[in-house]
Every structure is written in C-alpha cells, then in structure tokens.
Amino acid sequence: METEAAQQQAPRPPAGLGELFWGFFTIGARAFGGVLPWAHRVMVEERRWLAPAEFAEILALCQFLPGPNVGNMSIVLGRRWCGLPGALSAFLGLMALPFCWVLALAMLYAEHASNPVVRTVVTSVGVAAAGLFIGTALKLGRPLARKPAGVALVLACFAAVGLARVSLLAVLPVAAVLALLASRRGWL
Amino acid sequence: MLELAAYFALLSLVAVGGIAPVMPEMQRVVVEAKGWMEAEEFTQLFAVSQAAPGPNVLITSLIGWKVAGIAGALLALAAFCLPAAVLAWGVGSLWDRFRDAPWRKVTQRALVPVTVGLILAGGYVLATPAGLDWKNALIAGASAAALYFTKLNPLWILAGGAIAGAVLYS
C-alpha cells in the first residue's frame, strides 16, 4: 500500500556522481546490524531514488546473482544511473566507511588479543554470530519443512560441507543438479 | 596472498545468496587446508566483521589483512567482489528479458535448500572452533533461538553472546 504522498512524489534518480556516492556512503555508514534495511530506507524513503516495487525487483536480481547482495545492488543501480563511473562511485561509497571501521576494530582487538578475557569474549561473540547464521537458516528453510526432498537436500549439504568438510567446489555442482531436478518436478 | 585472492575470486562466482553460504568453505581453506590461522582466530575475525557496521562481506578483508596487511585487506575484498560485480554489470541489462522466464523460478526454488544447508554448515563450523563443547553450543543455540523467535536487533544478541561468554568461561 502506497501512501498518497509517495504517489505524488515520483521517484527521481540521483542528480550526479556526488549524490550517488554520498547516498551509498550514508547506507554504509549507518548499517549496524545489516545493510539491507538501510539500503531500503535511504534509496526508497529518504532520497526517493526508487519506487518500492523497483527496489524489490532490483533486490530479487541481486539475490539471484552470486556475490554480496548489496554490493551487487550498488553496481546495478550505479550503472543504470551513471554508467561505469556510477557503478564505481556507488560501490566505493558503500564500502569506504565500513571497510575502515572493520579494520580499525580488528586492529583494536589485535592489540588486546593477549588478554585471555578479551579473547574469550570475542570468541563468544563469534559463536553468537554463528548462532545467528543458524537462526537465519531456520527462517529461510521453514517453507521446506514439509517437503522431504528439501529437507534431504538441506541435511546433505550441511553434512558434506559442515561435518565431512568436503570442498564446496565439489559439493555445489552435485547439489545444484539434484536441487534443479527436484525443483523441476515440483518437489521444492 | 595471490593464492588467496584467486581463490576468493572463484568463490565470488559461487556465492549464491551472498557470503553466508561460502563461509564454511572459506574457513575450511583458510584454517584447515592452508593453516593461515587457527579456527578460534577465524571465529574471532568473524565476530569482528559481524559486530562492525556494514556489509558482512568485509570478513574477506579481515582474512586478507591477517594474511598480508592492509594491501591484503584491499586485495581480498576486491577479489571477492569484482567477479560478481562484472557479472552483475552484464546481467543487469538482461534481467528484464528473463525476469518472468519459468526457469528462473525453478532455479530460485532450487537454490533455497542448498543455501539453507550451507548457511547451517557455516553456523556449525564457526560455532565449534575448538570442537563441540556445551558452552559454545549453549551460546549458539540461544542466539539462534533469539533470532528465530524474537524481533530483537541482532546487535543485542551479539552483546548477549559477549556477556554469556564472560560468565560461562570465568
């Protein structure tokens, strides 16, 4: 449901490279706990570069493509609006500040890594973050719960890569073929 | 370092659904195959990348940094993003043509179980840097449950993990 105000104000692409860079910079700068919600907020709500439906569509494309989703989004949109310079400025804008942040944090940690308490706490944060992965997988996989072929594929991928530690490059082709066959038969 | 960059470039193209599904593979290569760092260190870098704001693909730059300093950080990030970016560049204009093609829906549905299995594997591998132990299992289980059942901001869940770790291991 779109509000009247949103309908009256048609989306308008960024005016130039500067605005493009700055917009993506603010996305990266504020992206605590996930980039995607901020990408939506900045591009759809604040700057009105995109209509909500357009955003959803570009997102679908970028989730379909391999690689970092929001990074791909910066490339696709930057290109659409300002060609190669646009793709570069959007991507660099998105990554610039988070890159510095994460390195600064890692260096800060490295300085205190000899402290066993700090080490334990940081490892525990990593373990908690790993738990977030598990929670995300459960959420994504919920629609599969009643599809035996889906559950079997999930477990097989988990066992091969997580337990047996087989290379992804060996697992992926097999899993992809099996999943495509199952999907074509309507099992997924 | 060039070896790492080439490998990341390759992974970039199979990273369906973002970086999460290739995390277990990165850990396998960096820790088990190459021995560039310990499993515990890898989980710690993962912690830093998740607690810092920004795209979670930045874990690649931390791995690069550990292996070869700042230049390594830049190179690893570029290696992981560039091939996918080139693909996105090329496909971006074709998308309108195959957006509604039936094979796209088939492919998208096929990707779900594979991605879910791989993300689960990543969670398991990163949560067990020192093998299975009940304290880490408890922290990971609690954080998975918190994400699944509540709408808490993930940052609070990470903070909870820090507190739980400090208490459990003191």
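## Fold of chain B

Two residues are in contact if their C-beta atoms, placed from the backbone, lie within 7 Å. By that criterion, 53% of the contacts in chain B with a separation of 6 or more join residues 24 or more positions apart. The model described here is predicted.

Chain B contains 8 helices and 0 strands, and its pattern along the sequence reads α-α-α-α-α-α-α-α. Along the principal axes, the C-alpha atoms of chain B occupy a box of roughly 60 × 40 × 25 Å. Of the 170 residues in chain B, 52% are buried.

One pair of residues illustrates how separate parts of chain B are brought together in space. Leu155(B) and Gln50(B) are 105 residues apart in sequence, while their C-alpha atoms are 8.7 Å apart in space. Leu155(B) belongs to helix 8 of chain B. Because 14 other C-beta atoms lie within 10 Å of it, Leu155(B) is classed as partly exposed.

## Helix 2 of chain B

How many of the residues of helix 2 of chain B are buried? The number is 8 of 11, and the helix is mostly covered. The buried residues are Met23(B), Pro24(B), Glu25(B), Met26(B), Gln27(B), Val29(B), Val30(B) and Val31(B).

The cover over these buried residues includes parts of both chains: helix 7 and helix 8 of chain A, together with helix 1, helix 3, helix 4 and helix 6 of chain B. After helix 2 of chain B comes Gly35(B), which has a positive phi near 65 degrees.

## The interface between the chains

The contact between the chains draws 87 residues from chain B and 76 residues from chain A. On the side of chain B that touches chain A, at least two residues come from each of helix 1 (2–14), helix 2 (23–33), helix 3 (39–51), helix 4 (59–92), helix 6 (102–127), helix 7 (134–149) and helix 8 (154–168) of chain B. Helix 6 of chain B provides the largest share of that side, with 21 residues.

Sorted by class, the side of chain B that touches chain A consists of 59 nonpolar, 23 polar and 5 charged residues.

## Domains and confidence in chain A

The domain assignment divides chain A into domain 1 (1–117) and domain 2 (139–188). The C-alpha centres of domain 1 and domain 2 of chain A are 31 Å apart.

The mean pLDDT of chain A is 90, and 95% of the residues score at least 70. Among the elements of chain A, the lowest mean pLDDT, 51, belongs to helix 1 (residues 4–8), and the highest, 96, to helix 7.

Most residues other than glycine have a negative phi. Arg48(A) sits in the loop between helix 3 (36–46) and helix 4 (52–64) of chain A. Arg48(A) counts as partly exposed because it has 15 C-beta neighbours inside 10 Å.

Arg165(A), also not a glycine, has a positive phi of about 55 degrees. The position of Arg165(A) is in the loop between helix 7 (148–163) and helix 8 (168–184) of chain A. With 16 other C-beta atoms within 10 Å, Arg165(A) is partly exposed.

Notes. Residues are numbered from 1 along each chain as its sequence is written. Chains are lettered from A and ligands numbered from 1 in the order in which they are written. This is a predicted model: local features need pLDDT of at least 70, side-chain atom pairs count only at pLDDT 80 or more; totals for chains, interfaces and linings use all residues. Helices (H or I, at least four residues) and strands (E, at least two) are DSSP runs, numbered from the N terminus. Ala, Val, Leu, Ile, Met, Phe, Trp, Tyr, Cys and Pro count as nonpolar, Asp, Glu, Lys and Arg as charged, and the others, Gly among them, as polar. A residue is buried if 20 or more other C-beta atoms lie within 10 Å of its own, exposed if 12 or fewer, and partly exposed in between; C-beta atoms are placed from the backbone. Domain bounds come from an automatic or database domain assignment. pLDDT is the predictor's confidence in each residue, from 0 to 100.
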